[in-house]
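Colleague: I would like a close look at one part of this model: the aromatic rings. Please take me through them step by step.

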Amino acid sequence: MKESIVKFIDSNKDKFIEISQAIHSHPELGNQEFFASNLLVETLKANGFEVIQDVAGHKTGFIARKKSPLGDKPKISFLAEYDALPKIGHGCGHNIIGSISTAAAIALGETLDSVAGEVLVYGCPAEEGGENGSSKGSFVRENLFDGVDVAMIIHPSGENMVTGKSLAVSPLDFEFFGKPAHAAGCPEKGRNALDALLHFFNGIATLRQHVTSDVRIHGIITHGGDAPNIIPEYTKARFFIRAETKERCNEVVERVKEIAKGAAIITGCKEKVSSFQNMVDNIVPTPEFDKLYVEVAKEFGIDVIADERDGRGSSDVGNVSHVIPTIQPYIKICGHNVVGHSQEFCSAAGSSEGDKAVILGAKILANVGYELLTSPEKLEIIKKDFKNRK
């Protein structure tokens, strides 16, 4: 049966590569991925999956499922991402991610006449964030993973690696409200919201001396005033606050909020703090799950590095990893010196190496899924490991 999975993917490889290339050629920002979402949905429907769209407040989100006539347990899920970055396009390779997950799910679904279980694909918009971004956070909040046994996703990279740790991130907007006045004629009648914002930035710079090394606080000014001869009555900044765990992240957020409050007090302004997207949780690794991935990858001649990758970003895959066992290993599409979120990485995501990764990644994930459908003891080991890690 595992050989038939490989043969199925090989016989349909042109179709799966075409999907990846089509999404790469039509980059869409988060929650605007109508082309990519519809392409994946129609492909899944054509291969026997039932699909619901417009999920958990995300119009380009979907859940696809295919059940065995022999029973619908265990439930194996794949996470598909397909949003792009502003100006850079698919500089994170989400065209590859969505195509791998879709191809793997379809191939695994072909085995369901012979084995019990259910295969699911979660179409997850806006992994890169933005307004109402990080849809996996919405899916978890709406309990859409209830009853699902595991989740899998592969991310393109410069190396073949196991799931790495990630940082939790709280995405916040900080607004300051002052009072306008003529900046030269009667400045004493104004209350300067830009001064409040600058004091806020300086306060954060001071805070950075007194946090643990995993903490990252970075932001931009999105509105700094309207004219130089008017005391600014309104200013706004957007920040990401990150830490190794969501608990520590929440602690830092409270300290940053106090800085905002202090900046408002000393300038006679008012402050407002609000979230503009879902909070992103840190990834909880399940080593036994990665161990199975490494074993299957070796069957395809791939040695997967078990070391930590340099640098840590954030991903809403972390939200899923807090509720069910989840892996996000990395597959090589370029040299290790090519960094993500760059034009060079975007080119790699549309290259022949990227196409090879789509097919190889689909074969590995589908075969990991088949191991879990047919080996209850392996699935139980993974679930116990997840419970202990939690």
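Modeller: This is a predicted model, and it holds 11 aromatic pairs. Let us start with one of them. Tyr-122 and Phe-145 form a stacked pair. Their ring centres are 4.2 Å apart. The angle between the two planes is 25 degrees. Planes under 30 degrees apart count as stacked, so this pair passes.

Now place the two residues. Tyr-122 lies in strand 4, which covers residues 118–123. Phe-145 lies in the loop between helix 5 (135–141) and strand 5 (150–152). The two parts are 23 residues apart in sequence, so the pair ties them together. Are these two residues buried or exposed? Both Tyr-122 and Phe-145 are buried.

Next comes a second stacked pair, Phe-240 with Phe-276. Here the centres are 6.0 Å apart, with 10 degrees between the planes. Phe-240 belongs to strand 9 (residues 234–243). Phe-276 sits in the loop between strand 10 (270–275) and helix 8 (287–299). This pair therefore ties together parts that are 36 residues apart in sequence.

Phe-240 has 23% relative accessibility, so it counts as partly exposed. The cut-off for buried is under 20%. Phe-276 has a relative accessible area of 9%, so Phe-276 is buried.

Phe-276 has another neighbour to look at. The charged end of Arg-238 sits over the ring of Phe-276. That charged end is 3.6 Å from the ring centre.

Now turn to a group of rings. Which residues form one aromatic cluster? They are Phe-174, Phe-176, Phe-200, Phe-201 and Phe-239.

One more residue links this cluster to the second pair. Ser-170 touches Phe-239 and Phe-240, among other residues. Phe-239 is one of the cluster residues, and Phe-240 is the stacking partner of Phe-276. Ser-170 also touches Ile-241, Cys-249, Val-253 and Met-279. That list of contacts leaves out residues up to four places away in sequence. Where does Ser-170 lie? Ser-170 is in strand 7, residues 168–177. Its relative accessible area is 7%, so Ser-170 is buried.

To recap, follow the links. Tyr-122 stacks with Phe-145. Phe-240 stacks with Phe-276, and Arg-238 has its charged end over the Phe-276 ring. Ser-170 touches both Phe-239 and Phe-240.

Conventions: Residues are numbered from 1 along each chain as its sequence is written. This is a predicted model: local features need pLDDT of at least 70, side-chain atom pairs count only at pLDDT 80 or more; totals for chains, interfaces and linings use all residues. Side-chain values use heavy atoms; hydrogens and water are left out. Rings of Phe, Tyr and Trp (its six-membered ring) pair if their centres lie within 6.5 Å; planes under 30 degrees apart count as stacked, over 60 as edge-to-face and the rest as tilted. Helices (H or I, at least four residues) and strands (E, at least two) are DSSP runs, numbered from the N terminus. Buried means under 20% relative accessible area, exposed over 50%, partly exposed in between (1.4 Å probe, protein chains only). A charge sits over a ring if NZ of Lys or CZ of Arg is within 6 Å of the ring centre and within 35 degrees of the ring normal. Contact means heavy atoms within 4.5 Å.
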